[in-house]
Amino acid sequence: MRITVDMNRCESHGQCVFAAPEIFSFDEDDRLVHDPAPAGALLGAAGKAAAVCPVRAVTVTPDA
Amino acid sequence: MARQALREIVVVGASLAGLRAAGALRAGGYTGSLTIVGAERHPPYDRPPLSKQVLTAPAGPPATALPLPGGLDARRLLGRPAVRLDPAARTVTLMDGTRLGYDGLVLATGAAARGAPAGLGRPPRGVRTLRGLDDALALRAELVPGRRLVIAGAGFLGGEVAAAARSRGLEVTLVEAGARPLERAAGTVAGDYVADLHREAGIALRTRTTVTGFRAGADGRVTGVELSTGERLPADVVLLALGSVPAAGWLAGSGVATGGGVHCDASLRALRPDGSAVPGVVAAGDVARAPQPLADGARLALGHWTNAVEQGAAAAATLLATGAPPPFTAVPSFWSDLHGARIRSVGLPSAADETRVVEHDRAGGRLEIAYHRQGRLVGALTVGRTARLAAYRAELEASGTTAREPAPAA
(Lines give C-alpha, C1' and ligand atoms only; values in the text may rest on other atoms or scores of the structure.)
Protein backbone atom coordinates (compact mmCIF):
# COMPACT_ATOMS: atom_id res chain seq x y z
CA MET A 1 0.00 0.00 0.00
CA ARG A 2 1.20 3.51 -0.85
CA ILE A 3 0.04 6.65 0.95
CA THR A 4 0.49 10.12 -0.50
CA VAL A 5 -0.52 13.42 1.10
CA ASP A 6 -0.94 16.60 -0.92
CA MET A 7 0.78 19.02 1.44
CA ASN A 8 -0.50 21.96 -0.61
CA ARG A 9 -3.99 20.97 0.50
CA CYS A 10 -3.26 19.77 4.04
CA GLU A 11 -4.56 22.17 6.73
CA SER A 12 -3.55 20.05 9.73
CA HIS A 13 -7.11 19.14 10.69
CA GLY A 14 -5.83 15.98 12.35
CA GLN A 15 -8.69 13.74 11.24
CA CYS A 16 -6.28 11.27 9.59
CA VAL A 17 -4.21 11.14 12.78
CA PHE A 18 -7.36 10.29 14.75
CA ALA A 19 -8.39 7.60 12.25
CA ALA A 20 -4.99 5.98 11.67
CA PRO A 21 -2.42 7.00 14.30
CA GLU A 22 -0.21 4.10 13.16
CA ILE A 23 0.29 5.93 9.85
CA PHE A 24 -0.16 9.66 10.50
CA SER A 25 1.20 12.01 13.14
CA PHE A 26 2.27 15.63 13.61
CA ASP A 27 5.70 17.05 14.21
CA GLU A 28 6.21 19.81 16.80
CA ASP A 29 5.23 22.48 14.26
CA ASP A 30 1.86 20.81 13.55
CA ARG A 31 3.09 19.62 10.21
CA LEU A 32 1.70 16.26 9.13
CA VAL A 33 4.14 13.37 8.74
CA HIS A 34 3.17 9.91 7.55
CA ASP A 35 4.43 6.45 6.70
CA PRO A 36 4.36 6.30 2.89
CA ALA A 37 4.34 2.50 2.77
CA PRO A 38 2.49 1.05 5.79
CA ALA A 39 1.69 -2.62 6.26
CA GLY A 40 -1.20 -3.96 4.21
CA ALA A 41 -3.07 -4.82 7.41
CA LEU A 42 -3.63 -1.07 7.90
CA LEU A 43 -5.56 -0.68 4.64
CA GLY A 44 -8.87 -0.26 6.42
CA ALA A 45 -7.55 2.44 8.73
CA ALA A 46 -5.86 4.19 5.80
CA GLY A 47 -9.11 4.21 3.86
CA LYS A 48 -10.92 5.71 6.84
CA ALA A 49 -8.23 8.38 7.14
CA ALA A 50 -8.66 9.34 3.49
CA ALA A 51 -12.46 9.42 3.87
CA VAL A 52 -12.41 11.79 6.85
CA CYS A 53 -9.90 14.30 5.46
CA PRO A 54 -11.87 17.54 5.05
CA VAL A 55 -9.63 18.75 2.21
CA ARG A 56 -9.20 15.37 0.47
CA ALA A 57 -5.42 15.51 0.72
CA VAL A 58 -4.87 11.80 1.46
CA THR A 59 -4.61 9.22 -1.35
CA VAL A 60 -4.36 5.50 -0.64
CA THR A 61 -3.14 3.13 -3.34
CA PRO A 62 -3.51 -0.56 -2.42
CA ASP A 63 -0.88 -2.96 -3.69
CA ALA A 64 -1.81 -4.49 -7.03
CA MET B 1 -25.06 -7.97 4.20
CA ALA B 2 -28.15 -6.01 3.23
CA ARG B 3 -31.52 -7.10 4.48
CA GLN B 4 -33.65 -8.80 1.84
CA ALA B 5 -36.54 -6.46 2.56
CA LEU B 6 -34.73 -3.32 1.40
CA ARG B 7 -35.34 -2.65 -2.28
CA GLU B 8 -35.89 1.08 -2.41
CA ILE B 9 -33.90 3.58 -0.37
CA VAL B 10 -34.42 7.31 -0.67
CA VAL B 11 -31.86 9.79 0.67
CA VAL B 12 -33.33 13.27 1.15
CA GLY B 13 -30.44 15.71 1.08
CA ALA B 14 -27.64 15.76 -1.51
CA SER B 15 -24.89 17.33 0.56
CA LEU B 16 -22.19 15.79 2.72
CA ALA B 17 -24.30 13.62 5.07
CA GLY B 18 -26.59 12.38 2.31
CA LEU B 19 -23.76 11.51 -0.05
CA ARG B 20 -21.80 9.73 2.66
CA ALA B 21 -24.91 7.78 3.63
CA ALA B 22 -25.48 6.79 0.00
CA GLY B 23 -21.86 5.73 -0.39
CA ALA B 24 -21.98 3.71 2.83
CA LEU B 25 -25.17 1.94 1.71
CA ARG B 26 -23.42 0.70 -1.43
CA ALA B 27 -20.22 -0.10 0.44
CA GLY B 28 -22.35 -2.03 2.94
CA GLY B 29 -23.71 -4.30 0.24
CA TYR B 30 -27.02 -2.63 -0.60
CA THR B 31 -27.86 -3.43 -4.23
CA GLY B 32 -31.42 -2.12 -4.50
CA SER B 33 -32.68 1.12 -5.98
CA LEU B 34 -31.13 4.30 -4.57
CA THR B 35 -32.51 7.80 -5.07
CA ILE B 36 -30.86 11.01 -3.81
CA VAL B 37 -33.07 14.08 -3.57
CA GLY B 38 -31.55 17.58 -3.34
CA ALA B 39 -33.24 20.95 -2.82
CA GLU B 40 -30.54 22.89 -4.65
CA ARG B 41 -29.85 22.81 -8.38
CA HIS B 42 -26.07 22.84 -7.87
CA PRO B 43 -24.26 19.53 -7.96
CA PRO B 44 -23.19 18.66 -4.40
CA TYR B 45 -20.51 21.00 -3.07
CA ASP B 46 -18.29 21.40 -0.03
CA ARG B 47 -19.45 23.97 2.51
CA PRO B 48 -16.42 24.86 4.69
CA PRO B 49 -14.76 26.92 1.91
CA LEU B 50 -17.88 29.09 1.55
CA SER B 51 -16.85 31.28 4.48
CA LYS B 52 -13.16 31.20 3.60
CA GLN B 53 -11.55 30.56 0.20
CA VAL B 54 -14.72 31.25 -1.82
CA LEU B 55 -14.73 34.77 -0.35
CA THR B 56 -11.00 35.44 -0.58
CA ALA B 57 -9.58 33.65 -3.65
CA PRO B 58 -8.36 36.48 -5.88
CA ALA B 59 -8.73 34.74 -9.23
CA GLY B 60 -12.39 33.86 -8.78
CA PRO B 61 -14.13 31.36 -6.55
CA PRO B 62 -12.38 27.96 -6.35
CA ALA B 63 -14.08 24.75 -7.39
CA THR B 64 -15.98 23.30 -4.44
CA ALA B 65 -17.64 20.24 -6.00
CA LEU B 66 -17.96 17.25 -3.69
CA PRO B 67 -16.81 14.05 -5.40
CA LEU B 68 -19.49 11.39 -5.62
CA PRO B 69 -18.63 8.13 -3.90
CA GLY B 70 -17.52 5.47 -6.37
CA GLY B 71 -20.03 2.88 -7.60
CA LEU B 72 -23.00 4.89 -6.37
CA ASP B 73 -25.42 3.89 -9.13
CA ALA B 74 -28.01 6.33 -7.80
CA ARG B 75 -30.78 8.35 -9.36
CA ARG B 76 -30.24 12.01 -8.48
CA LEU B 77 -33.16 14.41 -8.34
CA LEU B 78 -31.63 17.88 -7.82
CA GLY B 79 -33.42 21.20 -7.50
CA ARG B 80 -36.47 19.37 -6.17
CA PRO B 81 -37.03 19.96 -2.46
CA ALA B 82 -38.92 17.35 -0.47
CA VAL B 83 -42.11 18.85 0.97
CA ARG B 84 -43.89 15.99 2.71
CA LEU B 85 -43.26 12.67 4.45
CA ASP B 86 -45.99 10.08 4.96
CA PRO B 87 -44.44 7.37 7.17
CA ALA B 88 -47.60 5.21 7.10
CA ALA B 89 -47.66 5.01 3.30
CA ARG B 90 -43.84 5.18 3.24
CA THR B 91 -43.72 7.95 0.68
CA VAL B 92 -41.84 11.23 0.26
CA THR B 93 -43.42 13.93 -1.89
CA LEU B 94 -41.30 16.50 -3.74
CA MET B 95 -42.23 20.08 -4.57
CA ASP B 96 -42.97 19.18 -8.18
CA GLY B 97 -45.48 16.57 -7.06
CA THR B 98 -43.25 13.53 -7.57
CA ARG B 99 -44.01 10.86 -4.98
CA LEU B 100 -41.24 8.44 -4.04
CA GLY B 101 -41.93 5.18 -2.20
CA TYR B 102 -39.28 3.85 0.16
CA ASP B 103 -38.38 0.86 2.32
CA GLY B 104 -35.53 2.86 3.86
CA LEU B 105 -35.30 6.65 4.16
CA VAL B 106 -32.35 8.86 5.17
CA LEU B 107 -33.24 12.35 6.37
CA ALA B 108 -30.23 14.56 5.61
CA THR B 109 -31.73 17.94 4.74
CA GLY B 110 -29.16 19.94 6.68
CA ALA B 111 -29.86 23.33 8.17
CA ALA B 112 -30.78 26.83 7.08
CA ALA B 113 -29.37 30.16 8.20
CA ARG B 114 -31.27 31.74 11.06
CA GLY B 115 -32.75 34.93 9.67
CA ALA B 116 -33.37 38.32 11.24
CA PRO B 117 -35.03 38.09 14.65
CA ALA B 118 -38.73 38.91 14.73
CA GLY B 119 -39.16 42.57 15.47
CA LEU B 120 -36.45 43.81 13.16
CA GLY B 121 -38.87 43.92 10.27
CA ARG B 122 -38.08 42.93 6.72
CA PRO B 123 -34.35 43.49 6.13
CA PRO B 124 -33.47 45.89 3.29
CA ARG B 125 -31.32 44.86 0.32
CA GLY B 126 -27.70 44.32 1.25
CA VAL B 127 -28.57 42.38 4.41
CA ARG B 128 -27.46 38.82 3.82
CA THR B 129 -27.14 35.40 5.35
CA LEU B 130 -24.60 32.73 4.37
CA ARG B 131 -25.42 29.06 4.08
CA GLY B 132 -25.27 27.88 0.48
CA LEU B 133 -23.09 28.41 -2.58
CA ASP B 134 -25.41 31.06 -4.04
CA ASP B 135 -25.20 33.00 -0.75
CA ALA B 136 -21.40 32.81 -0.80
CA LEU B 137 -21.08 33.97 -4.40
CA ALA B 138 -23.46 36.87 -3.75
CA LEU B 139 -21.56 37.87 -0.61
CA ARG B 140 -18.24 37.59 -2.43
CA ALA B 141 -19.47 40.07 -5.02
CA GLU B 142 -20.29 42.53 -2.21
CA LEU B 143 -16.84 42.37 -0.62
CA VAL B 144 -15.39 45.44 -2.32
CA PRO B 145 -12.31 46.98 -0.64
CA GLY B 146 -13.15 50.04 1.43
CA ARG B 147 -16.76 49.08 1.99
CA ARG B 148 -18.16 48.87 5.50
CA LEU B 149 -19.37 45.42 6.55
CA VAL B 150 -21.30 44.85 9.75
CA ILE B 151 -21.65 41.23 10.89
CA ALA B 152 -24.22 40.30 13.52
CA GLY B 153 -22.88 37.28 15.40
CA ALA B 154 -19.21 36.55 16.18
CA GLY B 155 -19.48 32.76 16.12
CA PHE B 156 -17.51 30.54 13.76
CA LEU B 157 -19.27 31.73 10.61
CA GLY B 158 -19.31 35.42 11.52
CA GLY B 159 -15.70 35.30 12.62
CA GLU B 160 -14.51 33.57 9.46
CA VAL B 161 -16.36 35.99 7.19
CA ALA B 162 -14.98 38.91 9.22
CA ALA B 163 -11.45 37.58 8.72
CA ALA B 164 -12.04 37.00 5.00
CA ALA B 165 -13.54 40.46 4.46
CA ARG B 166 -10.80 42.17 6.45
CA SER B 167 -8.17 40.43 4.33
CA ARG B 168 -9.89 41.89 1.28
CA GLY B 169 -9.65 45.40 2.68
CA LEU B 170 -13.12 46.06 4.04
CA GLU B 171 -13.88 47.93 7.25
CA VAL B 172 -15.42 45.23 9.42
CA THR B 173 -17.46 45.48 12.62
CA LEU B 174 -18.43 42.30 14.49
CA VAL B 175 -21.46 42.73 16.73
CA GLU B 176 -21.76 40.02 19.37
CA ALA B 177 -24.53 39.58 21.95
CA GLY B 178 -22.27 37.70 24.37
CA ALA B 179 -19.36 39.00 26.41
CA ARG B 180 -16.86 37.54 23.93
CA PRO B 181 -16.87 35.51 20.70
CA LEU B 182 -17.45 31.75 20.90
CA GLU B 183 -18.04 31.85 24.64
CA ARG B 184 -20.85 29.28 24.61
CA ALA B 185 -18.99 26.96 22.22
CA ALA B 186 -15.51 27.17 23.73
CA GLY B 187 -15.52 29.17 26.97
CA THR B 188 -13.95 32.41 28.14
CA VAL B 189 -10.25 31.74 27.54
CA ALA B 190 -10.70 30.61 23.95
CA GLY B 191 -13.21 33.42 23.44
CA ASP B 192 -10.77 36.06 24.65
CA TYR B 193 -8.04 34.55 22.49
CA VAL B 194 -10.25 34.85 19.42
CA ALA B 195 -11.34 38.37 20.40
CA ASP B 196 -7.66 39.39 20.44
CA LEU B 197 -7.12 37.83 17.01
CA HIS B 198 -9.99 39.87 15.58
CA ARG B 199 -8.87 43.13 17.17
CA GLU B 200 -5.25 42.66 16.09
CA ALA B 201 -6.50 42.19 12.53
CA GLY B 202 -8.18 45.58 12.70
CA ILE B 203 -11.74 44.36 13.15
CA ALA B 204 -13.98 46.39 15.43
CA LEU B 205 -15.51 43.96 17.93
CA ARG B 206 -18.60 45.12 19.80
CA THR B 207 -19.58 42.67 22.55
CA ARG B 208 -22.70 42.63 24.73
CA THR B 209 -24.39 44.34 21.81
CA THR B 210 -27.09 43.34 19.34
CA VAL B 211 -28.40 44.74 16.08
CA THR B 212 -31.87 46.11 16.80
CA GLY B 213 -32.78 47.64 13.46
CA PHE B 214 -31.75 48.46 9.90
CA ARG B 215 -31.56 51.76 8.09
CA ALA B 216 -32.04 52.00 4.36
CA GLY B 217 -31.65 54.65 1.66
CA ALA B 218 -34.30 55.83 -0.80
CA ASP B 219 -33.19 53.06 -3.16
CA GLY B 220 -34.13 50.44 -0.54
CA ARG B 221 -30.56 49.40 0.11
CA VAL B 222 -29.11 49.14 3.60
CA THR B 223 -27.13 52.16 4.82
CA GLY B 224 -26.60 51.17 8.43
CA VAL B 225 -27.72 49.32 11.52
CA GLU B 226 -29.10 50.38 14.88
CA LEU B 227 -27.51 48.87 17.95
CA SER B 228 -28.88 47.95 21.37
CA THR B 229 -26.62 50.65 22.80
CA GLY B 230 -28.62 53.28 20.94
CA GLU B 231 -25.81 53.93 18.46
CA ARG B 232 -26.05 53.76 14.72
CA LEU B 233 -23.33 52.18 12.60
CA PRO B 234 -23.03 53.00 8.91
CA ALA B 235 -22.92 49.88 6.74
CA ASP B 236 -22.70 49.11 3.03
CA VAL B 237 -23.24 45.39 3.60
CA VAL B 238 -24.67 43.49 6.58
CA LEU B 239 -24.29 39.78 7.28
CA LEU B 240 -26.54 38.04 9.76
CA ALA B 241 -24.45 35.19 11.23
CA LEU B 242 -26.86 34.22 13.98
CA GLY B 243 -26.58 30.47 13.76
CA SER B 244 -28.54 27.86 11.87
CA VAL B 245 -31.85 26.07 12.16
CA PRO B 246 -32.20 22.37 11.24
CA ALA B 247 -34.15 22.08 7.98
CA ALA B 248 -36.93 19.90 9.39
CA GLY B 249 -39.90 22.13 8.66
CA TRP B 250 -40.97 19.93 5.76
CA LEU B 251 -41.58 17.10 8.24
CA ALA B 252 -44.30 19.01 10.09
CA GLY B 253 -47.39 16.82 10.41
CA SER B 254 -45.48 13.65 9.56
CA GLY B 255 -45.41 12.35 13.11
CA VAL B 256 -41.63 12.67 13.34
CA ALA B 257 -40.47 14.63 16.42
CA THR B 258 -38.62 17.64 15.00
CA GLY B 259 -38.13 20.25 17.73
CA GLY B 260 -34.58 21.58 17.24
CA GLY B 261 -33.93 18.92 14.58
CA VAL B 262 -35.09 15.38 13.87
CA HIS B 263 -35.10 13.56 17.21
CA CYS B 264 -33.10 10.36 16.93
CA ASP B 265 -32.26 7.42 19.13
CA ALA B 266 -28.67 6.34 19.72
CA SER B 267 -28.62 4.51 16.37
CA LEU B 268 -29.92 7.59 14.49
CA ARG B 269 -33.41 6.16 13.95
CA ALA B 270 -35.96 8.96 13.67
CA LEU B 271 -38.39 9.07 16.60
CA ARG B 272 -42.00 9.95 17.16
CA PRO B 273 -42.83 12.30 20.05
CA ASP B 274 -43.56 9.24 22.25
CA GLY B 275 -39.99 8.01 21.72
CA SER B 276 -40.85 5.09 19.43
CA ALA B 277 -38.88 4.70 16.20
CA VAL B 278 -40.43 5.58 12.84
CA PRO B 279 -40.01 2.36 10.80
CA GLY B 280 -37.30 2.52 8.16
CA VAL B 281 -36.36 6.17 8.78
CA VAL B 282 -32.94 7.41 9.93
CA ALA B 283 -31.38 10.88 10.08
CA ALA B 284 -27.84 12.22 9.68
CA GLY B 285 -25.92 15.48 9.68
CA ASP B 286 -27.03 18.98 10.64
CA VAL B 287 -30.72 18.01 10.70
CA ALA B 288 -30.25 15.14 13.18
CA ARG B 289 -30.68 15.74 16.91
CA ALA B 290 -29.00 12.69 18.39
CA PRO B 291 -28.01 11.72 21.95
CA GLN B 292 -24.50 12.79 22.83
CA PRO B 293 -22.72 10.60 25.38
CA LEU B 294 -20.42 13.51 26.28
CA ALA B 295 -23.44 15.63 27.23
CA ASP B 296 -24.93 12.87 29.44
CA GLY B 297 -27.07 11.68 26.55
CA ALA B 298 -28.76 15.02 25.84
CA ARG B 299 -29.91 15.25 22.23
CA LEU B 300 -27.90 17.80 20.26
CA ALA B 301 -27.83 18.78 16.60
CA LEU B 302 -24.16 19.40 15.71
CA GLY B 303 -23.57 21.38 12.54
CA HIS B 304 -20.03 20.11 12.06
CA TRP B 305 -18.40 18.65 8.95
CA THR B 306 -17.14 15.49 10.64
CA ASN B 307 -20.54 14.93 12.26
CA ALA B 308 -22.15 14.83 8.80
CA VAL B 309 -19.49 12.41 7.55
CA GLU B 310 -19.72 10.02 10.48
CA GLN B 311 -23.48 10.16 10.95
CA GLY B 312 -24.03 9.59 7.23
CA ALA B 313 -22.10 6.32 7.45
CA ALA B 314 -23.72 5.36 10.77
CA ALA B 315 -27.27 6.04 9.55
CA ALA B 316 -26.61 3.80 6.55
CA ALA B 317 -25.30 1.06 8.85
CA THR B 318 -28.48 1.30 10.93
CA LEU B 319 -30.69 0.87 7.85
CA LEU B 320 -28.67 -2.16 6.77
CA ALA B 321 -28.39 -3.79 10.20
CA THR B 322 -30.01 -7.20 10.48
CA GLY B 323 -30.05 -7.23 14.28
CA ALA B 324 -29.92 -4.40 16.79
CA PRO B 325 -28.02 -1.53 15.13
CA PRO B 326 -24.89 -0.30 16.92
CA PRO B 327 -25.09 3.05 18.75
CA PHE B 328 -23.45 6.10 17.18
CA THR B 329 -20.67 7.19 19.52
CA ALA B 330 -18.19 9.04 17.28
CA VAL B 331 -16.33 11.79 19.12
CA PRO B 332 -17.39 15.18 17.70
CA SER B 333 -14.82 17.57 16.33
CA PHE B 334 -14.82 21.01 14.75
CA TRP B 335 -12.36 23.54 13.46
CA SER B 336 -12.09 27.15 12.43
CA ASP B 337 -9.35 29.06 10.64
CA LEU B 338 -9.12 32.67 11.78
CA HIS B 339 -6.43 35.15 10.76
CA GLY B 340 -3.98 32.30 10.19
CA ALA B 341 -4.72 30.64 13.54
CA ARG B 342 -5.77 27.01 13.25
CA ILE B 343 -8.40 26.39 15.90
CA ARG B 344 -9.01 22.67 16.29
CA SER B 345 -11.31 20.93 18.74
CA VAL B 346 -12.46 17.46 19.75
CA GLY B 347 -15.34 16.48 21.99
CA LEU B 348 -17.94 18.89 23.27
CA PRO B 349 -16.33 21.93 24.94
CA SER B 350 -19.82 23.46 25.13
CA ALA B 351 -20.86 20.72 27.58
CA ALA B 352 -18.09 21.57 30.06
CA ASP B 353 -18.49 23.00 33.54
CA GLU B 354 -14.74 23.51 33.99
CA THR B 355 -11.89 24.52 31.70
CA ARG B 356 -8.24 23.73 32.39
CA VAL B 357 -5.77 25.86 30.46
CA VAL B 358 -2.70 23.74 29.71
CA GLU B 359 -0.86 26.25 27.54
CA HIS B 360 -1.64 29.87 26.73
CA ASP B 361 0.97 31.64 24.62
CA ARG B 362 -0.54 34.47 22.60
CA ALA B 363 2.81 35.64 21.22
CA GLY B 364 3.73 32.14 20.14
CA GLY B 365 0.27 31.48 18.71
CA ARG B 366 -0.34 28.46 20.90
CA LEU B 367 -3.31 27.49 23.04
CA GLU B 368 -4.31 24.23 24.66
CA ILE B 369 -7.44 23.85 26.78
CA ALA B 370 -8.98 20.72 28.31
CA TYR B 371 -12.70 20.81 29.09
CA HIS B 372 -14.28 18.78 31.90
CA ARG B 373 -17.80 18.08 33.06
CA GLN B 374 -18.25 16.79 36.59
CA GLY B 375 -14.56 15.98 36.65
CA ARG B 376 -14.63 13.94 33.43
CA LEU B 377 -12.91 15.01 30.20
CA VAL B 378 -15.51 16.09 27.59
CA GLY B 379 -13.42 18.04 25.10
CA ALA B 380 -10.24 19.84 24.14
CA LEU B 381 -9.30 22.80 21.96
CA THR B 382 -5.95 23.83 20.58
CA VAL B 383 -4.43 26.58 18.47
CA GLY B 384 -1.14 25.66 16.86
CA ARG B 385 -1.06 22.43 18.86
CA THR B 386 -3.12 20.01 16.80
CA ALA B 387 -0.59 17.33 17.69
CA ARG B 388 -1.89 17.38 21.26
CA LEU B 389 -5.48 16.63 20.25
CA ALA B 390 -4.96 12.98 19.34
CA ALA B 391 -4.41 11.96 22.96
CA TYR B 392 -7.52 13.83 24.12
CA ARG B 393 -9.56 12.25 21.38
CA ALA B 394 -8.33 8.77 22.28
CA GLU B 395 -9.38 9.36 25.89
CA LEU B 396 -12.80 10.63 24.81
CA GLU B 397 -13.28 7.67 22.52
CA ALA B 398 -12.39 5.23 25.28
CA SER B 399 -14.72 6.83 27.83
CA GLY B 400 -17.66 7.68 25.59
CA THR B 401 -18.45 4.40 23.91
CA THR B 402 -21.57 3.79 25.97
CA ALA B 403 -24.37 5.98 24.68
CA ARG B 404 -27.04 6.60 27.24
CA GLU B 405 -30.63 6.83 26.08
CA PRO B 406 -32.37 10.05 27.08
CA ALA B 407 -36.01 10.24 28.11
CA PRO B 408 -38.59 10.22 25.28
CA ALA B 409 -38.95 13.44 23.36
CA ALA B 410 -41.30 15.97 24.89
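UniProt positions are quoted in the numbering used here, with feature names shortened, and such annotations may be inferred rather than shown by experiment. In an unreviewed entry, UniProt places the feature "domain: FAD/NAD(P)-binding" at residues 8-312 of chain B. The structure is a predicted model, in which local features need pLDDT of at least 70 and side-chain atom pairs count only at pLDDT 80 or more, whereas totals for chains, interfaces and linings use all residues. Residues are numbered from 1 along each chain as its sequence is written, and chains are lettered from A and ligands numbered from 1 in the order in which they are written.

An automatic or database domain assignment divides chain B into domain 1 (8-112 + 245-320), domain 2 (115-242) and domain 3 (340-399). The centres of domain 1 and domain 2 of chain B, taken over C-alpha atoms, are separated by 30 Å. Their contact, for which C-beta atoms placed from the backbone must lie within 7 Å, takes twelve residues from domain 1 of chain B and 15 residues from domain 2 of chain B. Helix α2 (residues 53-56) of chain B supplies the largest share of the domain 1 side, three residues.

Two packed helices are described by the angle between their axes and the distance between the axes. The axes of helix α1 (residues 16-27) and helix α6 (residues 305-320) of chain B, as lines fitted to C-alpha atoms over the stretch in contact, come within 7 Å and cross at roughly 40 degrees, on a scale from 0 to 180 degrees between N-to-C directions. Among the residues that meet are Leu16(B), Ala17(B) and Arg20(B) in α1(B), and Trp305(B), Ala308(B) and Val309(B) in α6(B).

An open sheet of five strands in chain B has the order β9-β16-β10-β11-β12, with parallel pairing (at least two DSSP bridges between two strands). Strands β9 (127-128) and β12 (204-206) of chain B stand at the edges with a single partner strand each, so one side of each is left without a neighbour in the sheet. Strand β11 (residues 171-175) of chain B pairs with β12(B) in the parallel sense over three bridges, and Thr173(B) stands opposite Ala204(B) in β12(B). Helix α4 (residues 156-167) of chain B packs on the sheet, touching β10 (148-152), β11 and β16 (237-240) of chain B, and its direction makes about 165 degrees with that of β11(B).

How values were computed
Helix = DSSP H or I, 4+ residues; strand = E, 2+ residues; numbered from the N terminus. Contact = placed C-beta atoms within 7 Å.
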